[in-house]
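The exercises below are to be worked through with the sequence and the structure at hand. Each task is followed by a solution that goes step by step.

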Amino acid sequence: MPDAERDRPAPEALLDVARREGRGKLKIFLGASPGVGKTYAMLEAARLRAREGVDVVVGLVETHGRAETEALLAGLEALPRKQLDYRGQALEEFDLDALLTRKPGLALIDELAHSNVPGSRHLKRWQDVIEVLDAGIDVVTALNIQHIESLNDVVARITGVRVQETVPDVVIQRADEIELIDLPPEELIGRLHQGKVYRAGTIGRALDNFFTKPNLTALRELALRTVASRVDDEMLRLMQANSLTGPWPTQERILVCINESPLAKSLVRAGRRMAERADLSWIAATVVTTRHEALPEAARRQTSEALQLAEALGAETVTLHAQSGAADELLTFARARNVTRLLIGRPRRRWPFGIVREPVADRLLDAATDFEVTIVAAERGKAVAARLKLPGLSFNWRSLLWGIAGAAIATLVALPIDLLGLVPPPSLVVIYMVAVLFVGARFGLVPALATSVICFLAHNFFYTAPRYSFTIQSAEDVVGIVLFLIGALFTGTLAGQLRAQVATMRTSQKRTAMLYDFAKRVAAKSDLDDVLYAGAYHVAATLNCRSLILMPSKTGELEQVQGYPSIEEELDPRALAAARWAFEHNEPAGAGTPTLPTSEWMFVPLATANPLGVVGLQFKDSRRGADPEVRRLIQAVEDQVAVAIERTRMATDLGNLRVEAEGEKLRTALLNSLSHDLRTPLVSVIGALTGLEADDLPLTSRKALVETGLDEAKRLDRYVQNLLNMTRLEYGALKPRRVSVDLREIVGSARANLNRVLERHKVVADLPRDLPRIDADPVLIGQAIANILENAAKYAPPGSTIHLGARTGRSGVMLSITDEGPGIPEAEREKVFDLFYRVTEGDRRPTGTGLGLAIVRGFVEAHEGRVRALAGPNGHGTTIEMDLPLSTDPPDPA
Amino acid sequence: MSGTRILVVEDEAPIRRYLRIAIEGAGFEMIESERGRAGVERAATDAPDLVVLDLGLPDMDGKAVIAAIREWSHVPILVLSVRDGETEKVAALDAGADDYVTKPFSTQELLARLRALLRSRKPVEAKAVLAFGDLIIDIPAHAVRRAGVDARLTRKEFEVLAMLASHAGRLVTHRQLLSTIWGPAHTEDAHYLRIAIGHIREKIGDDAADPKFILTEPGVGYRLLG
C-alpha cells in the first residue's frame, strides 16, 4: 500500500521514544534462576562503564557472600545502606533519597523484585528504581525470570513454588536493554555443589525443591523465550518509529471478564500472556450488578484485587454497571470496543441458584457467538475454596430469627382461619407465601430463604394429614408441599433481589444527590475557604471517610487548609511524606496505594491543569482505598473539587486584579490631591504671613493679607478633616454613634460652624417643626450637611439662595439642599460621589478636593441612608437629597 | 481685667507662644506649663483665675489633670480638644471642665470663651434681669419676653432657660442641666431636656435649624448665644 498515510511514523511510537529521552536508561540482567551470575555480570559491566569515565555508584548489591563477586565491588563507590527499625529489628535497606541526592550517572541496584522493609517510601524496589530513572539516572539491575508478574502462574506450575515478590511487566517493557545471563542447568547445579551460590548447609533442600534439572531447563526456556519476544518488540518499535512498513498492530482487543471468583487473578495473568503472545491490547472488565452490592466484603475484594493486578500488568480496566444480565452488558461493551476474544473463568456450579438464574459464563457462551471465547480452568485446590466461599449466602442467626418470626406470624393468622374452617387447608399456603414475600422484600435474600424453609415445615406440621406431625400421608399433600417449597424459594429469591436492587438504587441515588448538592453548594460560594470546606465535606460524605485538603503555603510547604469533620491536630510524618509525594508526583500515595502504604491516610493529588494540592482520605478499613470502584469515585469527586477550587481561585485573582487597579487609581488621585490641595492653601498662608513681615504695609493691605491667610488656613483645615474622615471610612474605622436626634438641630449646628463660609449666601431652612426624629450620629450627619453646604457656597454665585427642605418619607426623613449654581451635568450626577471625582465644566477650574461628596456618601451610607444628586427645580442649580433613617424612639409629646 | 491670671497647660511650644500673644494682648497675665503634673502644681501654687488645658498631654491624661485640680479648686477650666474627640470632650466636661474649644480655633473664639468663663464667676443674682437682644429674662419675676411679647414658660422650662442665661456664652452640658433642674437621679433622661428645649424654642420663637438664641452642641449640651 503506497499511500502516504501508512508511511508516516506511528505517533505512539514516536511518543514512546520521546518519553524515554530525559529519563535514565534501564538495563536489566535477566536470569532463569538464582546463581547464574547476574550480579557478577552487572558488576563487570559497571566497572567497564566506570573505566569509560561514567560516574558509577553502587546503590545496593547483594553479594550473598560470594567471594568472586565481592572482589568486583572493590574500587566502586558504594552508598551506605539505610538503617531501618522494624518491630525492634534493625534492618538494612537501599537508601533512595541518598542516591537521588548523590545523582550519579549510573546506579547499580540489585534484586529488582525485592520487597522493601515496611516503613520505606515504596512497597517495592522496582518503584524505587522508577523514581531513580525519572530523576534522569541510568540504572543497572538484576532480575530472575520467575519474578515477572505475568509469568508468575507458569513458573508456579513448573516448579510448584509460587514466588510472592513480582515485578509488573510494564517495568520490564520499560527497560532499554535486557541482557540474558544464560547458564546451562548442569553448570548451575555444579556451581551449587561447589557452594558458589549458597553457603554450604542450605544447599540440599534448595536442590530438592527448586534446582532440579527439569525445573531449570523449563525456566531457561522461559527466559530465552521472553527475551526473544522482546527483541521482536524492539524491532517493531524501531520499524514504527522509523516508518518502515511492516506488520501493524491490529485494533482488536482481548476482554478478560472478571468476577468475584478466586480464579480472577489467574484469569488476569492468563489474559496478559494471551495478549502478549498475540500482541493485542487487552481490557479487564467486571460487571457490578445489584447482586454484587450484596456480596460479602471478601468476595468484592477478590474483584478489586484482580482489577488492580490487571492495571499493574498494563490492562485497561473497566467497571460496568448492569441491573441484571451481566453477560449482555459485557457483550455490548465488547462489541463497542472491537473485542475479538473473550477470556472467562470456568463456570462454577451454583446450586441452588443455578435453577433460578443462569450463570454469567453460561449466558456468555450462549450469546457470544461472534467471539472467540477462551475458558480458563481453576487450579485444583482453589476451586474447592471457590465453592466454599459461595457469595450471597452469608448465613447468620438473625436471618433465621426473621424466618421463624415470619413463619410464626403467618401461622398465627392461618390457624384461626383453619380452625373456623373458612377455607380448605391447601389455600392457607397463600398466607405463608405472603410471609416469605414480605420477609424477602424487607430483609433480603437469606432471611427470605430461611422463611421459605420454616414456612414449609410449619405448613407441613399444621395442615397436612396427619396434622401436628412432620409426616405426610397422601401423595397429593406431598406434591402440594413440594410445590410450595419451590414456589417459596423462587418468591424469596425474587423478593431478596428486589430488595438488593432497591438498596443499590438508593446508594446510587444518594451519590447523585451528593454530587448535585456539591455542585449547587459550590456554585453559590465565591470564597475559597467556603469552597474548600464544601469540598472536604463532599469527599467525606460521598466516600464515608475522614477527609483533609492540603495546599502549598506561601513557602511551598503543604499545610492543612480544610478537613471534615475537622483538620488534624498534627499529621504524622508518614502521612505528610505521602501527601508530599502525591503532590510532587501527581499520583496517589499512602494507605491503599503502593507508595508509603503504612500511612493511615491516602492522598490523592488535586489538580486541574496545575497541581493545586492534595486530598487526604482516611477510611475505617484502609483497604477500601484500593478498591477500583472507590478509586473511580475518588477520582470523580476529586475532579469536581479541583475544578471548583480552580474556578474560585480564578474569580478571586480577577477580583484582586480589579481591586489592585482600583487601588492604583486611588493612590494616584490621592497623590495629585495631596500635592495640589494641600499645597495651594499653604502657598497662600505662607505668602500672606511673609507679606505681613513688611513694616511699611498700609493697614488695609494688612487686613486683606490676614483675611486671605486665614481663609486659606481654614480651607486647609477642612481638607485635612475630610482626609481624616475619608481614611476612617476607607479603613472601616467609622462607627456611627447613633442617637435619636432632631434633624433641625443638626442643621442648626452645621450652619453655626459654617458662619463665615455661608456669609455671602442667603440660607433658607424650611424644615417642618413636626419633623420626626432620626436615628443618626449628629456629628457625622452634621459633617455631611456641612460638606454639601460648603459645596453649594463654593459653586453658587454670591447673593444666591441656598434652600434646605425636608419631608417625611416612607422609611425616613429626606433632606434636600438646593443651590442656584451651574448644576451638575446629568451624566456626572452619580460620579460626583466618587472619591477624587471633580466636576469640570467649560473653562471652570475644578476647585473641589474630590473628597467632600465622597464623604457625604460614606457617612450617609454608614447610616443605611442614600444620597443622590439631581437637577434643581426648573432644571436650574443642583439639589442633593439624602434619606436618613427614622428614630425608633416614640415621638415626643407635643 | 488686669490682675487676672490664666494658666495655660499645653505641650506644643508654638501654640503656647501664640496663646501668650493673644492672652497678654487681651490684658490678662499668662503663666504656662508644658506637662500635666507641673500644671497641677502651678494651679495650686500660683492660684490662677482660669486654666486652659490641652487634653493631649504626653505625661498625664487630661481628665486626670481636671480631677486633680477639682479636688480642691473650683477654678474655671477651658479644655482644648481636637476634632472627632467627642467622647473625650464629654468625658472632660463630666470630669469637671467648664467649656471647650476645638482645635484649630480663632483667637476671637478663644477670648470670647475665656471672658464668658471669667464672667460667670460673679454671682448671677446681682443681675436679676438679663437681656439677649430682644429676649428679656426676668429672673425674680420668672418672666420671659421676646420683642415685648410674654412667653409663657413652665417652671422647668424657665429654670432651663435661666440656667443657660446665667451661663450665657458658655456650654452647659446635658448632665449639668438635668442634675440641677430635675435632680441627680435624672442625669440620663435626655428626652426631658430635649422636650423642654423644644418648647422653649417654640415659645420664644427660635428655630433649631437657624438658631438665634439656643445653640445645640450635638451630643454634649446647649449654649445660649450671648
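Two residues are in contact if their C-beta atoms, placed from the backbone, lie within 7 Å. The model is predicted, and the exercises should be read accordingly.

**Exercise 1.** Describe the sheet of chain A and the helices that pack on it.

Solution. Begin with the strand order: six strands form an open sheet, β3-β2-β6-β7-β1-β8 of chain A, with parallel pairing. Next, find the edges, which are β3 (77-78) and β8 (177-181) of chain A, since each of these pairs on one side only. Then look at one pair in detail: β1 (residues 26-31) of chain A runs parallel to β8(A) and is joined to it by five bridges, and K27(A) stands opposite E177(A) in β8(A). Helix α3 (residues 38-51) of chain A lies across β1, β2 (56-60), β6 (106-109), β7 (138-144) and β8 of chain A, and runs at about 165° to β7(A). Helix α6 (residues 125-134) of chain A also packs on the sheet, where it touches β1, β6 and β7 of chain A, and its direction makes about 160° with that of β7(A).

**Exercise 2.** Classify the packing of helices α28 and α29 of chain A, and name residues that make the contact.

Solution. The axes of α28 (residues 778-795) and α29 (residues 852-861) of chain A come within 9 Å and cross at roughly 150°. Because angles over 145 degrees count as roughly antiparallel, α28(A) is roughly antiparallel to α29(A). The crossing is left-handed. On the α28(A) side the contact includes L780(A), I781(A), A784(A) and I788(A), and on the α29(A) side L853(A), I855(A), V856(A) and F859(A) are among the residues involved. By class, the contact comprises nine nonpolar, four polar and one charged residues.

**Exercise 3.** Which helix of chain A gives the most residues to the side that touches chain B?

Solution. Start from the totals, in which 17 residues of chain A are in contact with 16 residues of chain B. Helices α26 (699-730), α27 (743-753) and α28 of chain A each supply at least two residues of this side of chain A, and α27(A) gives the most, with eight residues. The residues on this side of chain A divide into seven nonpolar, four polar and six charged.

**Exercise 4.** State how confidently chain A is predicted, and where the pLDDT is below 50.

Solution. The pLDDT of chain A averages 77, and 84% of the residues score at least 70. Residues 350-358 of chain A fall below 50, and this stretch has six contacts in the model beyond near neighbours in sequence. Residues 380-393 of chain A are also below 50, with 20 such contacts.

Terms used. Residues numbered from 1 in each chain as written. Chains lettered and ligands numbered in written order. Predicted model: local features only at pLDDT ≥ 70, side-chain atom pairs only at ≥ 80, totals over all residues. Axes fitted to C-alpha atoms, helices over the stretch in contact; angles between N-to-C directions. Helix = DSSP H or I, 4+ residues; strand = E, 2+ residues; numbered from the N terminus. Parallel < 35°, antiparallel > 145°, perpendicular 65-115°, else oblique. Left-handed = near helix turned anticlockwise from the far one by under 90°. Nonpolar A, V, L, I, M, F, W, Y, C, P; charged D, E, K, R; others polar. pLDDT = per-residue confidence, 0-100. Pairing = 2+ DSSP bridges.
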